[in-house]
Amino acid sequence: MNAPKVVVVGSGPAGTRCAETLALAGLRPIVIDENSNNGGQIYRRQPENFVRTYSQLYGSESDKAAAVHSDFDSIRDKIDYRSDTLAWAVSENTLFAAERGRSVEIPFDALVLCTGASERVMPTLGWNYAGNYSLGGAQIALKSQGCAIGSNIVFMGTGPLLYLVASQYIKAGANVAAVLDTSTVWDSLAALPKLLAMPSMLWTGLGLIKTIRAARVPIVHGVQPLEITGSGDAGVNAVTYRDKRGHAHTLECDAVALGYHLRSETQLADLAGCAFSFDRRSRQWIADIDDKSRGAANVYMAGDGARIRGADAAEVSGRLTALTLLLDLGYAVDEKEIKRLRSLHARYERFANGVTRAFPWPIEHVRNLPNDAIVCRCEAVSVGELRDASRGKQADEINRAKAFSRVGMGRCQGRFCGIAAAEIIADATQTPLAEVGRIRSQAPVRPLPIAVEQ
Amino acid sequence: MNGARFTRLAEQDRQTVTFFVNGQAIEALEGDTLLVAILAAKDHVRQSEFGDGNRAGFCLMGSCQDCWVTSESGERIKACSTRIVAEMRIVTETVNLK
Ligand SMILES: Cc1cc2nc3c(=O)[nH]c(=O)nc-3n(C[C@H](O)[C@@H](O)[C@H](O)COP(=O)(O)OP(=O)(O)OC[C@H]3O[C@@H](n4cnc5c(N)ncnc54)[C@H](O)[C@@H]3O)c2cc1C
Ligand code: FES
C-alpha cells in the first residue's frame, strides 16, 4: 500500500503541530501556505533581513513562537512544504492551488484545513476612508514591517486583539490616541468564571491593560462608534463616539484600527462540502465537526479555522486532529495522548467561551447603523441600499439580498461585511438571524493573480 | 499628493531600494512590502471604483483586496502581499477596472 497522501492547508500553530505529528508518524504531508513564511497569524515571521528579537516581536508569547518556528524547521525535510501557494478550490479529493504563479492540482486521501481566522468587523460611518485598517492589519504592519499605520491612532472595536495590538503599538513607540471598546465592564465580570479556566492567560490580558494605562492612553468601555470623519482625498481625521452616559466625544487621529474579535476562515471547508450550523453564542456560522475533527468524509479541520479558541488551543487541536486522522488511516496511535489533549482542549474551550462573553458582538450598534454608512467596502454599498433591497425585494436570505444589493459580491467575498450584512438584513426584514443564512463560498476563495498559468 | 500614511518605528537600518510611483522615484527599504513601500511615502495606493475616495488597503493579509495596484505594463499586483523589488514601476492614479 502506498503511504496515504495528506494535504495540510496552513502553517500557523495548528498546521505546524498537525504536520509535525503526521511527519513523526512516518507520513510525508504536503503543507501549503499562501504566506512566504510559516508561523501563521500570531507567530508570523519577519523578513530575513530584519533584526528584532523574539521577545521584541512576540512579547509574552516569545518562547512559544520560538518553539513553533524551530519545530517547523526541524521537520522541513520530512514534509513537502509549499510556501507562497494559495489553495483556491477543492473538489473530489483534489485541491486546486496557485503555486508561485503556476496552477497545480493536488490529489489527496485526506485534507486538513488549518486556515485560521480573520477579523470580524462592524462597519462604521466613514470606515471606507483611507487610514482605516483592521486590527490584524495594524498588527501585521508592526510585526512584519516595523511600521505603524499612522502617527496618531485610535483603536476601536472589541476583543483581545484590541488590547493586544494597542499595547504592542505603545511598546513600539507609536502614538495611540485611545482604546475605545464597545464592551462594558459588566461583560468582563460576567465572563470571569469562564476566564478563570486559564488563569495565566487572564493574567497576560490584565498585563496588556496595565501597559496601556501606564502610557496614559485612555481606555473607554461601553462606547457606541458614531462616525469616522475625514475626506475621500486625505482620509481619516477623527473618530466620534458616544460614551455610556450618552455624551458624544470627538478624538482627532489620522488612523483607526478596527476589529470585533474574530471569525473562522471557512471558505475551503464550504467548498469541500462541510455542513455549517449557526452558533448562537458567537452569532456566527461554524462548520459541523464530528468527534474526530472531521467536517466531511476525508476533510479534517483544526485551529481557529474550525473554532475560535486561540493560539495555544490551535497547537493542541492541530496535534489532536493529526492523531485522529492517523487512527482513521489505520496507524497505531497512543490513545492516552488523545485523551490528554482532549481534556486540555476543553479547558481552552471554556476560556474561549469566556472571551466571547467578555467581548460580545455589538448587535444593537450594527442594527442601528445609519443609512449612509458603507457596509460593503468592495462595492461601496450603503446600509440604506441593503435595507431597501432586502425590504423591497423581500430578500430576507443573504444570498438573495446579495444578488439585489451587491453586498458581499466584491473581491473579499463578504469576508469583512457578511456578518454585519446578515445582522442588518435580519433587522430590516424582522427575520431571525439564523434564517438569514450565510454567504455561499465561491472558487477561487481569493482572487488569483491574473498571471497564473492554467 | 499628500505625505506618508505609515510611520516607520523599527528596522530602519536596511538597504534602500529605489522604485517608481507614477513616474516619481521613491526610496523604500529592502524587505518592505509594496504596500508599505508606497505608504511610507504617500497616503493612498488607489482610488475606489465607486467614487468614494482614495484607498490605502485594509487587512494587510491578502484577504480584503483593497490594495491592488497596477504596474506600468498593466499587470495587477496585490500590494500587501508583494515584496518590493528595485526598479518596480507602479501607477496608483488610474481607476482600477475590475
Ligand atoms: C490578523 C490576525 C492577527 C492575530 N494576532 C494574534 C496575536 O497576536 N495573538 C494571539 O493570541 N492571537 C492572534 N490572532 C488569533 C489567531 O488566529 C491565533 O489564535 C492563531 O494564529 C490561530 O492559529 P491557526 O493555526 O489556527 O491559524 P493561523 O495562525 O491564522 O494560520 C493559518 C494559516 O493558513 C494560511 N491559509 C489560510 N487560508 C489559506 C489558503 N486558502 N491557502 C493557503 N494558505 C492559507 C494562512 O496564510 C495562515 O498562515 C490573530 C488573528 C488574526 C486574524
Ligand atoms: S490590504 Fe487587504 S488584501 Fe492587501
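**Ground rules.** I'm working with a predicted model, where local features need pLDDT of at least 70, side-chain atom pairs count only at pLDDT 80 or more, and totals for chains, interfaces and linings use all residues. Residues are numbered from 1 along each chain as its sequence is written, chains are lettered from A and ligands numbered from 1 in the order written, and side-chain values use heavy atoms, without hydrogens and water.

**Strand S5(A).** I looked up residues 94-99 of chain A, strand S5 (strands are DSSP E runs of at least two residues, helices H or I runs of at least four, numbered from the N terminus). I found 6 of its 6 residues buried (under 20% relative accessible area with a 1.4 Å probe, protein chains only). A:Thr94, A:Phe96 and A:Ala98 point one way, while A:Leu95, A:Ala97 and A:Glu99 point the other.

S4(A) runs antiparallel to S5(A), joined by 6 bridges (pairing takes at least two DSSP bridges). I noted A:Ser91 paired with A:Thr94. In the turn of this hairpin, A:Glu92 has a positive phi of about 45 degrees. S6(A) is also antiparallel to S5(A), with 6 bridges, and A:Pro107 stands opposite A:Thr94.

**Helices.** I checked H6(A) and H10(A): their axes lie 8 Å apart at about 175 degrees (lines fitted to C-alpha atoms over the stretch in contact, N-to-C angles from 0 to 180 degrees). They are therefore roughly antiparallel (over 145 degrees).

Methods. Buried < 20%, exposed > 50% of the residue type's maximum accessible area, 1.4 Å probe, protein only. Parallel < 35°, antiparallel > 145°, perpendicular 65-115°, else oblique.
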